Every structure is written in structure tokens, then in C-alpha cells.
Amino acid sequence: MAEASRQEQTAAESGTSAFARPETLPSAQPPPTPEPLQVGTPATSAGGVPAVVSAMKHAFSEMGPVRGTKTLLKVNQTHGFDCPGCAWPDPKHRTAFEFCENGAKAVAEEATTARVTPDFFRQWSLVDLAAQTDHWLGKQGRLTHPMVLREGATHYAPLSWDEAFTLIAEELRALGSPDEACFYTSGRTSNEAAFLYQLFVRQFGTNNLPDCSNMCHESSGTALNETVGIGKGTVTLEDFEKAEVIIVIGQNPGTNHPRMLTSLEAAKRQGCRIISINPLPEPGLQRFKHPQAVRGVLGSGTPLADLFLQVRINGDVALLQGLGKALLEREAKQPGTVVARGFVEERTLGFEAYAAHLGTVSWEDVVEQSGVSQEQIETVAEWMAGTERIIWCWAMGLTQHRNAVGNIQELVNLALLRGSVGKPGAGLCPVRGHSNVQGDRTMGIIEKPKPAFLDALSREFGFEPPRHHGLDTVATIQGMHAGRVKVFFAMGGNFLSATPDTERTAEALRRTRLTVHVSTKLNRAHLVTGQRALILPCLGRTESDAQASGPQFVSVENSMGVVHASRGALPPASEHLLSEPDIVARLAKAVLGERSRVQWTWLVEDYDRIRDLIAKVIPGFEDFNRRVRQPGGFSLPNGPREGRFTTQSGKAHFTVHTMPWLKLEPGQLLMMTLRTHDQYNTTVYGLDDRYRGIRNGRRVVMLNAEDMKELGVESGQVVDLTSHFEGQQRVAHKFVVVPYDIPRRCAATYFPEANVLVPLDSFAEKSRTPTSKSVVITLKPAVDQPALAASAP
Ligand SMILES: Nc1nc2c(c(=O)[nH]1)N[C@H]1C(S)=C(S)[C@@H](COP(=O)(O)OP(=O)(O)OC[C@H]3O[C@@H](n4cnc5c(=O)[nH]c(N)nc54)[C@H](O)[C@@H]3O)O[C@H]1N2
Ligand SMILES: Nc1nc2c(c(=O)[nH]1)N[C@H]1C(S)=C(S)[C@@H](COP(=O)(O)OP(=O)(O)OC[C@H]3O[C@@H](n4cnc5c(=O)[nH]c(N)nc54)[C@H](O)[C@@H]3O)O[C@H]1N2
Ligand SMILES: [Mo]
């Protein structure tokens with residue numbers, strides 16, 4: 001649309017005197033923050049008093065002391081709400097404080113008393129909002145009203161819920177095919193909302209259900225499905241009490257799953273050995289001071305990791321093959337002592353090929369490609385050979401590489417070799433991120449549904465669901481970019497900033513006819529829009545949800561397959577909010593009308609009715625309404641945990657992978673994108689990364705001091721980063737160099753500031769997860785060097 005008419009229309013529509021401004025698009029990237037960055041020494045332990053102080057600071061500044069304390073006391077209690085922080089399970093014996101520092105921040109972020117009202121949107125144009133930092137956007141508070149951005153407008157304006165649903169129905173009905181719409185889900189959506197949402201989308205006629213999993217643990221799901229027959233972990237929390245070796249690889253629990261440290265500490269006190277495999281010596285894994293125990297407050301804390309293997313970024317296949325090799329060499333010396341023969345022969349396939357392949361792998365290659373010494377690898381092998389009670393924990397450090405599925409399958413190989421699956425104190429533990437990401441998948445939020453699931457939907461609801469696979473996250477962006485996808489709907493999340501290739505994704509979103517976000521908080525995805533856009537504000541976890549039959553609760557599934565209730569208690573942030581199930585029901589009625597025989601309104605009047613349907617469609621949910629009311633909930637069936645591999649062959653599979661070979665040109669580095677201690681994905685709580693000793697800034701690139709010398713850059717210098725992929729280049733401006741204990745030729749930056757460098761077409765084989773931890777970059781000094789004084793460490 002021509003620029004002049006855009007502005008005229010806006011001023012008329014919004015009733016404001018929107019002054020004529022040069023037409024610029026709202027920025028897809030946050031502005032450089034006004035550092036000065038402060039760099040100090042990284043912490044030597046996690047938790048302790050600073051964690052309590054930080055939790056209280058965030059809770060009180062967002063909620064005030066009374067509301068803050070009351071709300072935190074309800075986190076993860078049997079009659080309270082599930083912490084929106086992470087998917088780590090709750091222990092059987094809960095304390096009054098069953099939350100952690102970062103859980104408290106997540107709760108405070110949602111339960112804040114600040115509000116984003118129609119008046120706020122009248123004052124702020126999209127361009128002006130987009131010029132603010134993500135931290136600032138989040139701090140403005142909870143969304144209170146449904147808002148619309150009409151075609152050509154510069155500001156959002158309020159509209160009624162009915163108008164909003166009519167508008168979406170109009171756009172969806174105008175499509176040439178249902179496959180021209182995509183329906184994204186982030187992982188906080190409850191089971192009840194997710195089940196209704198996928199049902200609506202499939203009745204509408206598409207499997208285009210991309211989700212945050214596509215960028216997260218998709219590689220784990222793919223790897224585990226192929227090898228053990230279930231896309232989930234096999235351990236329970238009780239297994240942590242019995243384990244003798246726990247390996248934490250590619251995960252930073254001190255920041256991202258702090259309550260896991262309590263389990264590690266307990267295991268450690270029983271004599272368990274803990275091994276950390278990570279390019280960074282993450283303080284959370286070195287030493288832990290339990291913030292809610294006297295010993296944690298007064299003492300020097302419990303040392304956690306017995307051994308730290310400082311692997312090179314994406315050196316894990318090499319390392320794990322080295323470990324397999326070391327185990328087989330021990331077996332050759334003392335036959336029958338290392339390979340779990342009975343288990344391998346009766347319960348697995350493919351061992352011979354795996355062992356033969358390791359025979360061709362040389363120690364030189366293992367050491368060179370992993371960056372870890374043979375001696376250290378042999379120590380781990382020795383410890384592993386001494387027990388079968390071994391647990392493998394991992395997260396994004398393994399899942400976001402081109403060979404991510406291979407990474408995980410290599411650790412499965414080792415677990416099988418030792419017979420460490422489906423036994424007490426042993427197993428596979430992908431540590432999930434979003435608090436209900438696993439439940440959403442169980443409810444059918446997936447672009448590649450299994451035929452049995454579709455058959456069950458068809459039987460129960462009397463319609464023929466689409467059978468062809470839908471688009472995942474990467475394909476959704478590609479589809480929007482190519483003009484094939486015209487409507488984008490998001491149930492939560494921040495699609496613009498969480499996805500790779502920020503500028504390309506922004507272009508893709510701008511080419512659509514309509515973007516819709518069901519959200520609790522303002523974020524950048526609301527600002528980079530299709531021709532029209534909607535923000536639909538919803539209730540959060542912490543809030544009470546009243547429907548026609550009275551107060552409701554929802555359910556979630558944690559990282560270990562336990563389904564339990566979550567009940568909010570705070571009054572809703574605004575009287576105009578709807579619950580997610582209600583939004584889906586109203587949307588379905590508006591879009592499908594007579595086409596759907598589902599009694600949408602009736603279902604939402606009482607969520608027990610939704611759960612009765614889930615019980616009929618999804619195996620493992622029999623008698624759902626009774627069992628979800630048991631304290632602590634119930635566990636879903638898990639074949640491998642119970643000693644049955646649920647692959648087609650009924651056996652677990654060893655797999656063979658070629659060692660990826662890192663090729664870097666002179667001057668190039670391999671970069672990973674990480675979370676700081678002060679963010680939840682794209683939500684920035686604050687500007688500090690306390691454990692890593694980096695404060696008051698996020699545009700940071702951590703480098704090895706030797707590499708800095710070679711590249712001729714200095715501590716505190718401001719550089720531009722260029723990523724290189726298949727001849728394409730992408731640039732991110734103004735990152736401050738911080739020397740850090742990181743392997744040679746490796747670099748680390750923060751997500752989402754560095755997402756602009758992650759190429760859309762660079763994703764993992766099979767799982768199609770963007771390679772956010774394997775980005776090839778070069779650096780050059782920034783053209784104008786702003787006065788950003790970074791204090792030397
Ligand atoms: N407070 C807080 N909690 C969260 C989140 C949050 O943002 N904030 N996010 C949630 C979500 S959705 C998720 S998925 C999880 C994420 O939890 P994590 O996976 O712990 O998060 P990341 O910051 O991505 O950290 C990845 C870790 O892997 C290491 N790593 C990177 N590359 C490699 C590699 O090639 N090999 C190995 N061995 N290690 C590597 C990094 O050094 C880092 O320690 O946390 C969840 N919990
Ligand atoms: N470079 C890089 N990119 C990454 C990653 C990485 O490690 N590196 N990690 C990836 C991973 S693991 C993940 S999981 C994705 C995360 O991707 P997303 O899940 O899309 O992103 P979030 O930042 O978690 O979404 C935050 C927004 O969710 C909304 N929200 C919060 N609570 C609720 C709720 O209860 N209901 C609704 N409807 N909305 C709510 C708020 O508006 C908030 O602004 O990012 C991925 N992107
Ligand atoms: Mo995630």
C-alpha cells in the first residue's frame with residue numbers, strides 16, 4: 001500500500017493525530033542496548049543466597065511483597081499452579097518453596113501488576129515500539145484487550161472478541177486451501193487447550209501445526225523414536241536417587257533447570273559421580289548451594305561435577321565414539337566385563353555394525369575433533385564400566401546441530417552397550433524446556449501425526465482429518481516467504497524472535513495477509529506483522545479460570561511423562577481476558593460453523609468434558625478426570641522404561657554415524673547461541689548473566705583469549721559478526737568481545753540477539769531443527785566504535 005494512504009487511514013481509524021513520519025518498517029531486531037557492559041569473574045557456584053535475593057527482587061518489583069509472597073507459595077504445590085519456568089518434575093515430598101530463582105522470575109513476569117492497555121497502544125506506533133529493547137517491551141506488563149492492526153495502520157486499536165473472530169474467519173475462509181494457513185504453538189499451552197486447538201485445526205483441514213519443539217527437542221524425539229521406540233525420556237525422578245553415574249551433556253541446568261540441581265545434589269550425596277560435557281565450565285554444574293537448605297546458605301555448597309570434559313562445539317559425536325571405543329577396548333582386555341551381553345543380544349539390534357564402525361575410528365580423530373584428551377575419555381569409560389546405573393541428561397547443546405540426531409543416537413548407543421535403559425537408576429533423560437511442550441505433543445500438536453492418532457480423531461469426532469503431513473517451523477517460514485502461506489496464527493510464543501534468520505522471517509511474516517497472536521505479554525512478534533494483525537490476550541497459569549460450571553483447572557505433562565493438574569489463583573490481569581480453551585472454542589465456532597459437530601461451547605463450560613474426550617482419543621489417559629485429581633497426578637505409559645522397546649522390531653537399535661568433520665577457513669569460528677541467567681527464551685528479565693560474570697549487556701561475543709590474539713581483537717572491542725553459509729552472508733552489528741574460558745575456534749553469543757545470523761536453510765538432518773549452536777562466523781571491528789567501556793576481567 002502507498003505510504004500516504006497508510007498513514008491517513010491509520011489516523012482516521014485510531015482517532016489519533018498520528019503525525020506523518022518517514023515510512024520505516026518496525027524493526028525486527030532489538031536496538032543495541034545502552035551498555036556499558038561490565039565483565040567480572042565467572043561464579044564458582046550456583047544457587048545460595050544470591051539466588052534467593054534475586055528471586056525476591058524480581059517477585060517484589062513486579063508484584064509487590066504481599067502478592068509476591070502469596071503467589072510464590074502456590075508454585076508447584078499440589079493445589080497450586082505448575083511453574084511456567086521449565087518442565088523439570090516436582091518431587092514427591094514438596095517443601096513450601098518448590099520453585100527456584102528462575103521459576104520466581106517466570107512467575108513474576110506473568111503475575112506483574114503492570115498493564116498494556118488500549119491507551120498504551122494509542123500512544124505507541126509499531127515503529128516506535130519496535131525501537132525499544134525486548135527487555136523494555138516485556139516490562140510494560142500484561143496485555144488487557146484484544147487489539148487489531150488494520151490494513152495500513154501504524155497503531156493497534158481495540159476491537160471486540162466477536163469482531164476478532166469474525167475477522168479471522170473471513171481470512172481463513174477466503175484461502176484457496178486450508179494448507180495456506182499455519183497454526184504455531186509454544187510450549188506453555190495446557191493439555192486441554194492444545195487438544196481443542198489441534199482438533200479445530202484438523203477440522204479446518206490442515207496438519208500445519210509447527211511448534212517450538214521443532215526448534216528444541218525435535219532432534220531428541222526423532223533420535224529416540226528410531227532407536228528405542230518412544231520420543232520421550234525413560235527415567236523418573238526416583239531414578240536420580242539410585243543413579244551411580246549421571247552425565248550432563250549440552251545442558252546448563254544451573255540457569256535453565258535450577259531445580260534439577262537439587263536432584264543432582266541428592267544423587268551426589270549418595271555417592272553418584274557427575275560428569276559435565278560442555279564447551280563452557282558452567283558454574284551451575286561445578287558447585288551448588290541449595291538456597292532452601294541451611295548447608296546451602298551457610299556452607300560452601302556441594303561440588304557437583306567430578307569431571308568436566310571441555311568438548312569443542314559439535315565435538316560430541318567424536319567424543320561419544322571415543323567413549324564407545326574406550327569401552328570396547330576394555331571389553332577386549334577383560335571379555336564379559338563391559339558390554340552388557342545378555343541385554344545386547346536379547347533386546348537390541350545392530351551391535352556388530354556399531355562395534356565394527358568404532359574399530360575404524362582412530363584416537364587421533366577423536367581427540368582432534370572433540371578437543372578432549374584420550375585420558376579423560378578413558379576415565380569416563382572406567383566409571384561407566386563399573387555400573388549400569390547411568391543416566392544421560394541433555395538439552396540444546398546436542399539438539400541444535402546439523403548432526404543433532406546423530407549426537408543423541410551416539411549416546412543411546414552407549415546406554416544400550418551398558419544395558420542402561422529401563423532399569424532402576426538408569427536411562428535416557430532429554431530435559432525439556434517449556435513447561436508443557438511434552439504435553440502439547442502428546443495432545444497432537446505435531447505436523448506429522450501418526451495414522452493411529454488420526455484414526456482415533458476420525459472415530460470420535462466423525463470427520464476425515466487431513467492425512468498429508470503439514471509444515472514445521474522452518475517450512476512455515478519458507479512457505480510464508482514464498483507466498484504459499486497467507487495466514488499465520490500463534491498460540492503463545494514469539495515466533496519472530498525465536499526462529500532463525502530474523503530478517504528473513506520478518507520478510508516472511510510481512511508477506512502474509514494476517515498474523516494473529518494469542519499472548520499474555522507484548523513481544524516483538526506483535527510488531528512485525530502481516531497486512532492485518534491481531535493480538536488476543538489470554539489468561540496465564542497463575543490466574544483463576546472461571547467458566548460456566550465454576551472454577552477450572554488445566555493439566556500439564558512434565559519432562560518425565562507425569563500428568564498433573566495446574567490451578568491458578570490470582571484474579572485475571574483484566575476482565576477482558578479469555579482462557580486459551582475458550583479462545584479456541586470461539587474461533588472454531590466462527591470459522592467452522594455448521595461444518596463442525598463438536599459442541600465447542602459446551603466443552604469449555606467444564607474442562608472435565610474436554611478431558612473425557614482426551615481419555616477416549618489418547619492412549620494412557622483412561623479415567624483421566626479421576627487420575628488427574630490424585631495428588632501428584634499420574635504417569636503415562638512408557639514402553640522402554642517398563643522394559644519394552646516400542647520400535648517395530650520390538651528391539652532397541654544401535655546406529656552408525658560418520659564423525660562430522662569440522663572445516664573452518666582461517667579466521668572463521670564456530671558459534672553457539674545461548675541463554676543468559678536473566679531470560680526466558682525471548683523474554684528478557686534483566687541484563688545480567690550473573691553466573692558467567694557478564695552484566696548489563698546482551699550483545700556479547702565470548703572468545704578464547706588465544707583466538708583473540710590471533711584475530712587481533714581486544715577485550716571490550718566492538719565487532720560486527722558475519723555468518724557464512726553456502727555462499728550467503730548475514731551480519732549482526734555491534735557485539736562486545738569478552739574473553740572467556742571456551743575452546744579454541746569456538747564463540748558464544750546470546751539468543752535471540754544473534755538469531756539474525758542463523759541461516760534458515762541450515763537445519764539438522766531428519767529433525768529439521770535450526771542449527772542454532774553451529775553457526776560459522778567471522779568478526780571484524782565495527783565501523784563506528786561507540787564508547788562502550790568494558791572493564792577487563
Ligand atoms: N531460566 C530459563 N529457563 C529455561 C529457559 C530459559 O530461557 N530461561 N528455556 C527453556 C527451554 S525452552 C529450553 S529448551 C531449555 C534450554 O536449556 P539449555 O539447553 O541448558 O539452554 P542453552 O542456554 O541453550 O544451553 C545449552 C548448553 O549447551 C552447551 N553447548 C552448546 N553447544 C554445545 C555442543 O556442541 N556440545 C555440548 N556438549 N554442549 C554444548 C552450552 O555451553 C550450554 O551450556 O531451558 C528451559 N528453561
Ligand atoms: N538462536 C537460538 N534460537 C532459539 C533457541 C536457541 O537456543 N538459540 N532455542 C529454541 C527453543 S529451545 C525454543 S523452545 C524456542 C522458544 O520459542 P517460543 O516458545 O516461541 O518463545 P518464547 O520466548 O518462550 O515465547 C514468549 C512469549 O510467549 C507468550 N506467553 C507466555 N506465557 C503464555 C501463556 O500462558 N499463553 C500464551 N498464549 N502465551 C504466553 C508471551 O507473550 C511471551 O512474550 O526458541 C528457539 N530459538
Ligand atoms: Mo525449548
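Which side chain has an N or O atom 3.3 Å from a nitrogen atom of ligand 2? That side chain belongs to Thr 520, a polar contact (a pair of N or O atoms within 3.5 Å). Taken alone, ligand 2 exposes 930 Å², and the protein buries 96% of that, with areas from the Shrake-Rupley method and a 1.4 Å probe. Oxygen atoms of ligand 2 also have polar side-chain atoms around them: one of Ser 186 at 2.7 Å and one of His 434 at 2.8 Å.

The model is a predicted one, where local features need pLDDT of at least 70, side-chain atom pairs count only at pLDDT 80 or more, and totals for chains, interfaces and linings use all residues. Residues are numbered from 1 along each chain, ligands are numbered from 1 in the order written, and side-chain values use heavy atoms, leaving out hydrogens and water.

Now for the charged pairs. The whole structure holds 47 salt bridges, each a side-chain nitrogen of Lys or Arg within 4 Å of a carboxyl oxygen of Asp or Glu. One of them joins Glu 170 and Arg 532, with the closest N and O atoms 3.2 Å apart. Glu 170 sits in helix H8 and Arg 532 in strand E18, 362 residues apart. Glu 170 is partly exposed at 47% relative accessibility, while Arg 532 is buried at 18%; buried means under 20%, exposed over 50%, and partly exposed in between (1.4 Å probe, protein chains only).

Asp 582 and Arg 586 also form a salt bridge, at 3.2 Å between the closest N and O atoms. These two are four residues apart in helix H28, so about one helical turn separates them.

Conventions: A polar contact is a pair of N or O atoms within 3.5 Å; within protein, one must be able to donate a hydrogen and the other to accept it, and residues adjacent in sequence count only if both atoms are side-chain atoms.
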